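My notebook is open and the viewer is running. I will go through this one piece by piece and jot down what I look up.

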Amino acid sequence: MTKFDDLEIFAQVVSAGSLSAAGRELGLSPAVVSKRLRRLEERIGTRLIQRTTRQISLTEAGQGYYERIVAVLAGIEEAEAFVSRRSQQARGILKVSAPTSFGRMHIAPHLKAFMRANPDLSVNLALTDRFVDIVADGFDVAIRIAELSDSSLVARRLAPVRRILCATPGYVAAHGMPESIEDLDRHICLAPHNNEPWKLEGPDGSLIYRPSGPLLTNSSEVIRECTIAGLGIALRSTWDIAKELKDGRLVRVLPAYRGSRNVAVYAVYASRRFLPTKVRVFVDYMSELFGPRPYWEK
């Protein structure tokens with residue numbers, strides 16, 4: 001075995017989550033895997049993995065090392081694919097993380113066309129509203145809707161996100177149309193994540209409003225359904241409620257205000273320089289599908 005074999009074993013252990021699982025994938029015994037990891041750590045002079053009887057966890061050095069090793073191994077894979085004239089063919093398993101509602105509404109319906117265009121590629125789509133650690137959890141790419149801060153990961157903007165205040169015509173008829181931000185204090189405001197503050201932009205610049213109401217939930221989909229049912233006012237993305245706005249089930253409230261323009265749909269992945277073909281074709285597909293003016297805004 002070469003030094004590169006040691007890197008592959010290390011990467012497989014992190015991806016699989018245990019020495020035994022990595023051994024099964026590589027056709028090696030756990031003892032051999034453990035020995036190769038120790039040799040790698042001795043060679044570079046630092047501990048990469050904390051081992052217990054049931055699980056492993058990366059040290060801080062191991063986390064940074066893994067992020068770089070993934071790029072190196074991806075580069076080797078791409079080089080071999082190029083030499084064998086396979087560089088343009090997406091193959092293997094693409095593991096994608098995406099927000100629950102967005103994934104259901106705007107990724108799942110388009111997978112058929114994507115998979116038809118890439119017949120040698122399998123997709124593992126995991127929907128969750130938490131920010132996964134794409135390196136530690138073994139994801140190739142994550143779709144995120146957020147204001148992204150600096151990180152060691154690469155983020156490609158796929159689409160803008162326009163968030164507006166909205167309610168049903170019935171709610172407005174019963175409770176009145178607010179005419180100022182201060183008027184919201186007299187209304188039922190619906191916000192997920194235990195009344196998370198609303199970051200708004202209006203005629204006088206940016207502001208933060210802290211909504212209050214009788215409903216507490218960690219589910220954005222619950223807020224959506226309760227808003228459509230007429231329970232109160234919510235700050236929602238147009239990708240989530242475009243149909244309801246069009247058919248009149250929801251109307252804008254305080255149209256001079258909107259959510260922060262810094263929020264967008266991003267594809268997040270580990271490396272730009274050594275980007276696997278399977279990740280590139282997926283991100284390109286999503287970018288072309290959404291774009292600067294996504295279809296839900298038309």
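Predicted model: local features only at pLDDT ≥ 70, side-chain atom pairs only at ≥ 80, totals over all residues.

**Entry 1**

I began with helix H2 (residues 19-26) and helix H3 (residues 30-44), whose axes come within 8 Å and cross at roughly 105°. That makes H2 roughly perpendicular to H3, a label given to angles of 65 to 115 degrees, while under 35 degrees is roughly parallel, over 145 roughly antiparallel and the rest oblique. The axes here are lines fitted to C-alpha atoms, for helices over the stretch in contact, with angles running from 0 to 180 degrees between N-to-C directions. Which residues make the contact? I found Leu19, Ser20 and Gly23 on H2, and Pro30, Val33, Ser34 and Leu37 on H3; contact means heavy atoms within 4.5 Å. Sorted by class, there are 4 nonpolar, 3 polar and no charged residues. For that sorting, Ala, Val, Leu, Ile, Met, Phe, Trp, Tyr, Cys and Pro are nonpolar, Asp, Glu, Lys and Arg are charged, and the others, Gly among them, are polar.

Residues are numbered from 1 along each chain as its sequence is written, and side-chain values use heavy atoms, with hydrogens and water left out. Helices (H or I, at least four residues) and strands (E, at least two) are DSSP runs, numbered from the N terminus.

Just after H2, Gly27 has a positive phi of about 75°.

Leaving out residues up to four places away in sequence, Glu41 touches Thr46, Arg47, Leu48, Ile49 and Arg51.

I then looked at Glu147, in the loop between E5 and E6. Glu147 counts as partly exposed, at 36% relative accessibility. With the neighbours up to four places away again left out, Glu147 touches Lys199, Ser260, Asn262 and Val263.

**Entry 1: the five-stranded sheet**

Next I traced an open sheet of 5 strands, in the order E4-E3-E5-E14-E6 with mixed pairing; two strands pair if DSSP finds at least two bridges between them. Strand E4 (121-127) and strand E6 (154-160) each have a single partner strand, so one side of each is left without a neighbour in the sheet. On average, neighbouring strands are turned by 25° against each other, direction ignored. Strand E5 (residues 141-146) and strand E14 (residues 264-269) run antiparallel and are joined by 5 bridges, and Ile145 has Val265 in E14 as its bridge partner. Helix H5 (residues 100-107) packs on this sheet, touching strand E3 (92-98), E4, E5 and E14.

**Entry 2: an enclosed strand**

Last, I checked strand E7 (163-167). In E7, 5 of the 5 residues are buried, so the strand is largely enclosed by the rest of the structure. Arg163, Leu165 and Ala167 point one way, and Ile164 and Cys166 the other. E7 pairs with E11 in the antiparallel sense over 4 bridges, with Leu165 opposite Leu235. E7 is also joined by 2 bridges to strand E12 (residues 251-252), again antiparallel, where Cys166 has Arg252 as its bridge partner.

Notes:
Buried < 20%, exposed > 50% of the residue type's maximum accessible area, 1.4 Å probe, protein only.
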